[in-house]
Amino acid sequence: MSDRTTAPEAPTAGPAVTNSPHVDAGDAGYSKDLKSRHINMIAIGGAIGTGLFLGAGGRLADAGPSLAIAYAVCGVFAFFVVRALGELVLYRPSSGAFVSYAREFMGEKGAYTAGWLYFLNWSTTCVADITAAATYAHFWSMFSDIPQWILALIALAVVLTANLISVKYFGEMEFWFAIIKVAALVTFMLIGIFLLVTQQEVGGHTPGFATISANDGIFPLGMLPMLLVIQGVVFAYASVELCGVAAGETENPAKVMPGAINSIMWRVGIFYVGSVVLLALLLPYTAYSGDESPFVTVMDKLGIPAAAGVMNLVVLTAALSSLNAGLYSTARILRSMALAGSAPKFTGRMNKGQVPYGGVLLTAAFGVAGVALNYVMPGQAFEIVLNFASIGILGTWGMIMLCSLLFWRRSQEGRLTRPSYRLPWAPYTQIVTLVFLVSVVGLMWAGGGVGRTTVMFLPLIAAALVGGWFVVRGRVNAIAAERSDG
């Protein structure tokens, strides 16, 4: 989808619009060390993660080739979400991102809700990432005898150490992680296309459309399985909003953000949909499983020495990249909340490297809980946390679209001016996306199993949010009063 078809006018950003009276205390103190190349690669890294490299194997086994359709549909809505966030970023760049926008358009209750839903998203995603990293490490015989929880702990310790140094190190880490992921996917796709064109056998199967047609077509198990895997597919796009958070630590977001966001759509088309189509053409969907990356499965079946090991190293990198991004983004969000009174005070503290280390450590603490989960139930850990992460993602995306809708309404009332880089077709885009997000919750319930159990926890999550608000509201109101008096 090109910019010409997604927007009624050319999306030239121009200078960021700064007609907002809102000032977020959490934006002060950052070093602005992220460059254009960092933001662009963070956007790529956010669109390519564990959900594709590990999750696609189990989803292919569950839904067959129709998984490509699920990725395409969810990708469109992910693009709407990040495009809406991009418009808000150009209106007022903030390291607090959608939490800061929720504070401006929905008040402190909205900021509190958005922030803790995001924390739910990333604290559980971090568990999924260290679980994935441990699963990948077991591919190599030298690690096969090491308990999964120990490998998960090592992964957490390595990334935590790097994240605490400075944002520059985070940016460089994500830059190279993203390059490795993109290079690996491009290489895999070139190999896959070569195998298709030359009709080379893969694990005893001749690749091509016959691989799909001979195994009951695009919907081998019916259309319902495709719908039921959508909640897992949404998890695959969990990091697309990361570039909006990173915009608060770059010098010129108005110049960098539009290009980074617009490119997400074609990346989704090529890397997600394209790679899943190739996987379905190379091997029958029954050849894949949730225990191994589907890319490793293909390379293993090719019998090329070390090829599967190299690809496994790449998907391990993807898991560490996602973990790195999660620690980074939650720390910034928690600092914005802490300075407003809705998160623990220590999460607002910064070290000499201008890193909000309190938030990094709090998120890492939940990662340690994930290590315990890997100890208790290593076989189910990934699926359990994936479902809880999906709830956090749906809530976060919903808050972004609500903020975008309120932003649009205020612009219609003449209270502010929208930047030239806009979410197309507002307010219908926001409304349709919100309906989609609610429907995903319904699909989680319909799917039964862990998904239904997760939905049953929604009242408990809501109760925890309400209870937490009553605990912090006094401090929040006091800080707000001080800010208004000042």
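**Aromatic contacts in a predicted model**

User: Hi! What sits over the ring of Y421?
Analyst: The charged end of R83 does, 4.3 Å from the ring centre. For a charge to sit over a ring, NZ of Lys or CZ of Arg must be within 6 Å of the ring centre and within 35 degrees of the ring normal. This is a predicted model, where local features need pLDDT of at least 70, side-chain atom pairs count only at pLDDT 80 or more, and totals for chains, interfaces and linings use all residues. Residues are numbered from 1 along each chain as its sequence is written, and side-chain values use heavy atoms, leaving out hydrogens and water.

User: And which residue lies over the face of W445?
Analyst: R452, at 4.7 Å from the ring centre.

User: Switching to ring pairs: how many aromatic pairs does a search of the whole structure find?
Analyst: The search finds 17. Rings of Phe, Tyr and Trp (its six-membered ring) pair if their centres lie within 6.5 Å; planes under 30 degrees apart are stacked, over 60 edge-to-face, and the rest tilted.

User: Why is the pair of Y71 and Y272 tilted?
Analyst: Their planes are at 45°, so the pair counts as tilted, with the ring centres 5.2 Å apart.

User: Are Y71 and Y272 buried or exposed?
Analyst: Both Y71 and Y272 are buried (under 20% relative accessible area; exposed is over 50%, partly exposed in between, with a 1.4 Å probe and protein chains only).

User: What about F119 and F366, how are they paired?
Analyst: Edge-to-face, 5.0 Å centre to centre with 85° between the planes. F119 is buried at 6% relative accessibility, while F366 is partly exposed at 40%.
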